[in-house]
Amino acid sequence: MSPGRPGPDVPPGPEPESAASLAQPEPVASDVSPGRPGPDVPPGPEPEPAASLAQPEPVAALVAPEPYPPGEPRTGIAALSPRYQVGVVLALAVIAIGVCVHIGMTFLHVAPANTVTREHGTAVDDWIYPEFEQNWKLFAPNPLQQNISIQVRAGVRGPDGMTLTTGWYDLSAEDGRAIDGNLLPSHTQQNELRRAWDFFVATHDSENRPVGLRGALSESYLRRITVLRLDRDDAVRAATGSSGVIERVQVRSRTSNVPPPEWSREKVSTTPSYRELPWWRVPQDEARGGMR
(Lines give C-alpha, C1' and ligand atoms only; values in the text may rest on other atoms or scores of the structure.)
Protein backbone atom coordinates (compact mmCIF):
# COMPACT_ATOMS: atom_id res chain seq x y z
CA MET A 1 0.00 0.00 0.00
CA SER A 2 1.32 3.23 -1.04
CA PRO A 3 1.45 5.91 1.72
CA GLY A 4 -0.49 8.51 -0.27
CA ARG A 5 -3.57 6.38 -0.86
CA PRO A 6 -6.24 6.25 1.80
CA GLY A 7 -7.66 3.09 3.01
CA PRO A 8 -11.10 1.94 2.15
CA ASP A 9 -12.61 2.61 5.67
CA VAL A 10 -11.42 6.14 6.09
CA PRO A 11 -13.72 8.80 4.59
CA PRO A 12 -12.13 11.45 2.54
CA GLY A 13 -11.60 14.73 4.59
CA PRO A 14 -11.96 18.24 3.42
CA GLU A 15 -9.50 19.62 1.13
CA PRO A 16 -6.94 21.83 2.83
CA GLU A 17 -7.39 25.51 2.31
CA SER A 18 -4.84 27.35 0.39
CA ALA A 19 -2.57 29.87 2.00
CA ALA A 20 -4.17 32.72 0.06
CA SER A 21 -7.59 32.16 1.49
CA LEU A 22 -6.22 32.15 5.01
CA ALA A 23 -4.33 35.36 4.57
CA GLN A 24 -7.12 37.44 2.97
CA PRO A 25 -10.59 37.34 4.79
CA GLU A 26 -13.74 37.82 2.75
CA PRO A 27 -15.32 41.28 2.82
CA VAL A 28 -18.51 41.74 4.92
CA ALA A 29 -21.55 42.92 2.97
CA SER A 30 -22.88 46.33 4.10
CA ASP A 31 -26.61 47.34 4.28
CA VAL A 32 -25.88 50.70 2.80
CA SER A 33 -24.80 50.92 -0.73
CA PRO A 34 -21.92 53.25 -1.32
CA GLY A 35 -23.94 55.62 -3.56
CA ARG A 36 -27.16 55.82 -1.44
CA PRO A 37 -27.78 59.11 0.55
CA GLY A 38 -28.60 59.06 4.30
CA PRO A 39 -31.97 60.06 5.92
CA ASP A 40 -33.31 63.62 5.41
CA VAL A 41 -32.43 65.88 8.38
CA PRO A 42 -34.14 69.32 8.48
CA PRO A 43 -31.66 72.11 8.39
CA GLY A 44 -31.39 74.10 11.61
CA PRO A 45 -31.97 77.85 11.88
CA GLU A 46 -29.34 79.91 10.37
CA PRO A 47 -27.42 81.93 12.92
CA GLU A 48 -28.46 85.55 13.13
CA PRO A 49 -25.92 88.05 12.08
CA ALA A 50 -24.24 90.06 14.77
CA ALA A 51 -25.73 93.28 13.45
CA SER A 52 -29.33 92.14 14.16
CA LEU A 53 -28.45 91.33 17.77
CA ALA A 54 -26.76 94.61 18.36
CA GLN A 55 -29.50 96.87 16.91
CA PRO A 56 -33.05 96.37 18.46
CA GLU A 57 -36.12 97.07 16.41
CA PRO A 58 -37.58 100.62 16.79
CA VAL A 59 -40.72 100.95 18.99
CA ALA A 60 -43.70 102.79 17.54
CA ALA A 61 -44.42 106.10 19.23
CA LEU A 62 -47.49 106.17 21.54
CA VAL A 63 -50.08 108.44 19.97
CA ALA A 64 -53.50 109.06 21.59
CA PRO A 65 -56.20 107.55 19.36
CA GLU A 66 -58.82 109.83 17.95
CA PRO A 67 -62.19 109.70 19.79
CA TYR A 68 -63.98 108.87 16.56
CA PRO A 69 -62.52 107.48 13.37
CA PRO A 70 -62.38 110.05 10.61
CA GLY A 71 -65.51 110.04 8.55
CA GLU A 72 -67.75 108.34 11.16
CA PRO A 73 -70.69 110.60 12.21
CA ARG A 74 -71.24 111.28 15.91
CA THR A 75 -74.54 110.29 17.49
CA GLY A 76 -76.42 111.09 20.69
CA ILE A 77 -75.16 113.75 23.06
CA ALA A 78 -71.72 113.64 21.46
CA ALA A 79 -73.19 115.11 18.27
CA LEU A 80 -74.19 118.27 20.13
CA SER A 81 -72.02 121.28 20.55
CA PRO A 82 -70.25 121.70 23.92
CA ARG A 83 -72.74 124.38 24.98
CA TYR A 84 -75.72 122.09 24.39
CA GLN A 85 -73.92 119.18 26.04
CA VAL A 86 -73.59 121.24 29.20
CA GLY A 87 -77.30 122.08 29.02
CA VAL A 88 -78.25 118.41 28.69
CA VAL A 89 -76.07 117.45 31.65
CA LEU A 90 -77.63 120.18 33.79
CA ALA A 91 -81.15 119.11 32.78
CA LEU A 92 -80.43 115.48 33.68
CA ALA A 93 -78.98 116.58 37.01
CA VAL A 94 -82.10 118.63 37.83
CA ILE A 95 -84.35 115.68 36.90
CA ALA A 96 -82.32 113.31 39.06
CA ILE A 97 -82.49 115.68 42.03
CA GLY A 98 -86.25 116.10 41.58
CA VAL A 99 -86.79 112.33 41.48
CA CYS A 100 -84.71 111.85 44.63
CA VAL A 101 -86.62 114.60 46.45
CA HIS A 102 -89.98 113.10 45.43
CA ILE A 103 -88.99 109.61 46.55
CA GLY A 104 -87.76 110.99 49.86
CA MET A 105 -90.96 112.99 50.45
CA THR A 106 -93.12 109.96 49.63
CA PHE A 107 -91.11 107.80 52.01
CA LEU A 108 -91.49 110.33 54.82
CA HIS A 109 -95.23 110.55 54.10
CA VAL A 110 -95.88 106.80 54.41
CA ALA A 111 -93.29 106.14 57.12
CA PRO A 112 -94.23 106.10 60.82
CA ALA A 113 -93.93 109.33 62.76
CA ASN A 114 -90.31 110.27 63.36
CA THR A 115 -88.15 113.27 64.17
CA VAL A 116 -88.06 114.51 60.56
CA THR A 117 -91.83 114.34 60.05
CA ARG A 118 -92.50 116.04 63.35
CA GLU A 119 -90.13 118.86 62.42
CA HIS A 120 -90.98 119.19 58.71
CA GLY A 121 -94.41 117.55 58.49
CA THR A 122 -96.00 120.64 56.94
CA ALA A 123 -93.48 120.73 54.09
CA VAL A 124 -94.02 117.02 53.42
CA ASP A 125 -97.81 117.44 53.32
CA ASP A 126 -97.55 120.43 51.00
CA TRP A 127 -95.47 118.33 48.60
CA ILE A 128 -97.71 115.24 48.70
CA TYR A 129 -101.23 116.69 48.72
CA PRO A 130 -103.28 116.52 46.67
CA GLU A 131 -101.73 114.96 43.56
CA PHE A 132 -99.38 112.45 45.23
CA GLU A 133 -101.46 111.33 48.20
CA GLN A 134 -100.98 107.65 49.03
CA ASN A 135 -103.84 105.21 49.60
CA TRP A 136 -103.19 101.92 51.42
CA LYS A 137 -106.80 100.72 51.73
CA LEU A 138 -106.11 97.91 49.28
CA PHE A 139 -103.97 96.18 51.91
CA ALA A 140 -106.40 96.78 54.80
CA PRO A 141 -107.84 93.75 56.61
CA ASN A 142 -111.35 94.83 55.55
CA PRO A 143 -111.16 96.41 52.07
CA LEU A 144 -113.90 98.54 50.60
CA GLN A 145 -117.05 96.62 49.65
CA GLN A 146 -118.90 99.42 47.91
CA ASN A 147 -119.11 100.74 44.38
CA ILE A 148 -118.77 104.52 44.35
CA SER A 149 -119.28 106.45 41.15
CA ILE A 150 -118.77 110.19 40.74
CA GLN A 151 -121.25 112.11 38.63
CA VAL A 152 -121.34 115.77 37.63
CA ARG A 153 -123.57 118.24 35.87
CA ALA A 154 -122.85 121.77 34.75
CA GLY A 155 -124.48 125.12 34.21
CA VAL A 156 -123.40 126.34 30.76
CA ARG A 157 -123.91 129.88 29.47
CA GLY A 158 -124.69 129.97 25.78
CA PRO A 159 -123.96 132.69 23.22
CA ASP A 160 -127.38 134.23 23.90
CA GLY A 161 -126.54 134.70 27.58
CA MET A 162 -128.95 132.02 28.78
CA THR A 163 -127.73 129.35 31.21
CA LEU A 164 -128.44 125.72 30.41
CA THR A 165 -128.19 122.99 33.02
CA THR A 166 -126.92 119.72 31.60
CA GLY A 167 -127.84 116.25 32.75
CA TRP A 168 -125.75 114.08 35.04
CA TYR A 169 -122.59 112.63 33.50
CA ASP A 170 -121.14 109.50 35.13
CA LEU A 171 -117.40 110.18 35.06
CA SER A 172 -116.57 106.93 36.88
CA ALA A 173 -118.42 104.94 34.22
CA GLU A 174 -116.38 106.67 31.51
CA ASP A 175 -113.16 105.67 33.30
CA GLY A 176 -114.46 102.12 33.64
CA ARG A 177 -115.13 101.86 29.93
CA ALA A 178 -111.63 103.16 29.18
CA ILE A 179 -110.06 100.59 31.53
CA ASP A 180 -112.15 97.62 30.41
CA GLY A 181 -110.10 95.49 28.03
CA ASN A 182 -107.07 97.77 28.32
CA LEU A 183 -103.93 95.87 29.35
CA LEU A 184 -102.10 99.06 30.33
CA PRO A 185 -104.63 101.64 31.57
CA SER A 186 -103.35 105.03 32.60
CA HIS A 187 -102.99 106.11 36.21
CA THR A 188 -105.46 108.97 35.71
CA GLN A 189 -108.17 106.60 34.49
CA GLN A 190 -107.70 104.31 37.48
CA ASN A 191 -107.08 106.63 40.40
CA GLU A 192 -107.40 110.36 39.67
CA LEU A 193 -111.15 110.75 40.15
CA ARG A 194 -111.38 108.22 42.98
CA ARG A 195 -108.54 109.80 44.94
CA ALA A 196 -110.03 113.28 44.46
CA TRP A 197 -113.32 112.11 45.97
CA ASP A 198 -111.59 110.34 48.87
CA PHE A 199 -109.63 113.54 49.53
CA PHE A 200 -112.84 115.57 49.61
CA VAL A 201 -114.66 113.16 51.95
CA ALA A 202 -111.70 113.05 54.35
CA THR A 203 -111.65 116.85 54.68
CA HIS A 204 -115.42 117.51 54.97
CA ASP A 205 -118.10 116.55 57.40
CA SER A 206 -121.46 114.96 56.60
CA GLU A 207 -122.91 118.42 55.81
CA ASN A 208 -120.20 119.02 53.18
CA ARG A 209 -118.54 121.66 55.31
CA PRO A 210 -114.73 121.82 55.16
CA VAL A 211 -112.79 120.63 58.20
CA GLY A 212 -109.36 122.20 58.48
CA LEU A 213 -107.27 124.11 55.99
CA ARG A 214 -107.19 121.31 53.41
CA GLY A 215 -110.95 121.49 52.83
CA ALA A 216 -110.72 124.36 50.35
CA LEU A 217 -107.82 122.63 48.59
CA SER A 218 -109.84 119.43 48.13
CA GLU A 219 -112.79 121.38 46.69
CA SER A 220 -110.55 123.15 44.18
CA TYR A 221 -108.90 119.87 43.19
CA LEU A 222 -112.20 118.06 42.61
CA ARG A 223 -113.73 121.03 40.77
CA ARG A 224 -110.82 121.32 38.35
CA ILE A 225 -110.97 117.62 37.47
CA THR A 226 -114.69 117.75 36.72
CA VAL A 227 -114.37 120.90 34.61
CA LEU A 228 -111.57 119.33 32.60
CA ARG A 229 -113.66 116.20 32.00
CA LEU A 230 -116.72 118.22 30.96
CA ASP A 231 -114.72 120.42 28.63
CA ARG A 232 -113.42 117.33 26.83
CA ASP A 233 -116.75 115.49 26.78
CA ASP A 234 -118.34 115.26 23.34
CA ALA A 235 -121.86 115.07 24.80
CA VAL A 236 -121.43 118.40 26.61
CA ARG A 237 -120.10 120.10 23.50
CA ALA A 238 -122.94 118.69 21.46
CA ALA A 239 -125.55 119.91 23.98
CA THR A 240 -124.13 123.42 24.06
CA GLY A 241 -123.20 123.68 20.39
CA SER A 242 -119.47 123.85 21.25
CA SER A 243 -119.89 127.52 22.06
CA GLY A 244 -121.01 127.48 25.69
CA VAL A 245 -118.95 128.42 28.71
CA ILE A 246 -119.11 126.39 31.93
CA GLU A 247 -120.12 128.73 34.74
CA ARG A 248 -120.79 126.31 37.58
CA VAL A 249 -120.67 122.60 38.36
CA GLN A 250 -122.33 120.27 40.86
CA VAL A 251 -120.88 116.92 41.93
CA ARG A 252 -122.62 113.97 43.52
CA SER A 253 -121.64 110.43 44.46
CA ARG A 254 -123.65 107.27 43.87
CA THR A 255 -122.84 104.54 46.41
CA SER A 256 -124.11 100.96 46.22
CA ASN A 257 -123.04 97.87 48.11
CA VAL A 258 -121.30 95.07 46.26
CA PRO A 259 -123.80 92.18 46.07
CA PRO A 260 -122.73 89.01 47.88
CA PRO A 261 -122.05 85.82 45.89
CA GLU A 262 -124.92 83.45 45.16
CA TRP A 263 -123.75 80.84 47.65
CA SER A 264 -123.62 83.38 50.51
CA ARG A 265 -126.52 83.76 52.97
CA GLU A 266 -125.63 87.39 53.64
CA LYS A 267 -128.40 89.89 52.92
CA VAL A 268 -127.15 93.24 51.62
CA SER A 269 -129.20 96.11 50.27
CA THR A 270 -128.21 97.08 46.74
CA THR A 271 -130.28 100.27 46.66
CA PRO A 272 -127.93 103.15 45.78
CA SER A 273 -127.55 106.21 47.96
CA TYR A 274 -126.60 109.67 46.73
CA ARG A 275 -124.59 112.51 48.22
CA GLU A 276 -125.00 115.81 46.40
CA LEU A 277 -122.58 118.67 46.89
CA PRO A 278 -123.54 122.33 46.52
CA TRP A 279 -123.05 124.18 43.27
CA TRP A 280 -119.52 125.49 42.76
CA ARG A 281 -118.92 128.57 40.64
CA VAL A 282 -116.11 128.05 38.14
CA PRO A 283 -113.49 130.84 38.02
CA GLN A 284 -112.78 132.41 34.65
CA ASP A 285 -109.32 130.86 34.41
CA GLU A 286 -110.91 127.39 34.75
CA ALA A 287 -113.96 127.96 32.58
CA ARG A 288 -112.16 126.88 29.43
CA GLY A 289 -110.85 123.48 30.42
CA GLY A 290 -109.13 124.16 33.71
CA MET A 291 -105.90 125.93 34.54
CA ARG A 292 -103.74 126.92 31.60
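Which residue in β4 stands opposite I150? I looked this up and found S253 in β4.

**Basis.** I am working on a predicted model, in which local features need pLDDT of at least 70, side-chain atom pairs count only at pLDDT 80 or more, and totals for chains, interfaces and linings use all residues. I number residues from 1 along each chain as its sequence is written, and my side-chain values use heavy atoms, with hydrogens and water left out.

**Strand pairing.** I take strands as DSSP runs (E, at least two residues), numbered from the N terminus. I count two strands as paired if DSSP finds at least two bridges between them. I traced β1 (residues 146-157) to β4 (residues 245-257) and found an antiparallel pairing over twelve bridges. I then found β1 antiparallel to β3 (residues 169-170) over two bridges, with Q151 opposite D170 in β3. I also noted three bridges from β1 to the antiparallel β2 (residues 163-165); there, G155 has T165 as its bridge partner.

**Hairpin.** I examined the hairpin of β1 and β2, where five residues lie between the strands, and recorded a positive phi near 90 degrees for G161.

**Loop.** I next located G167 in the loop between β2 and β3. I listed V152 and R153 as contacts of G167, leaving out residues up to four places away in sequence; contact means heavy atoms within 4.5 Å. I computed a C-alpha separation of 9.8 Å between G167 and Q151, which are 16 residues apart along the chain.

Notes:
Helix = DSSP H or I, 4+ residues; strand = E, 2+ residues; numbered from the N terminus.
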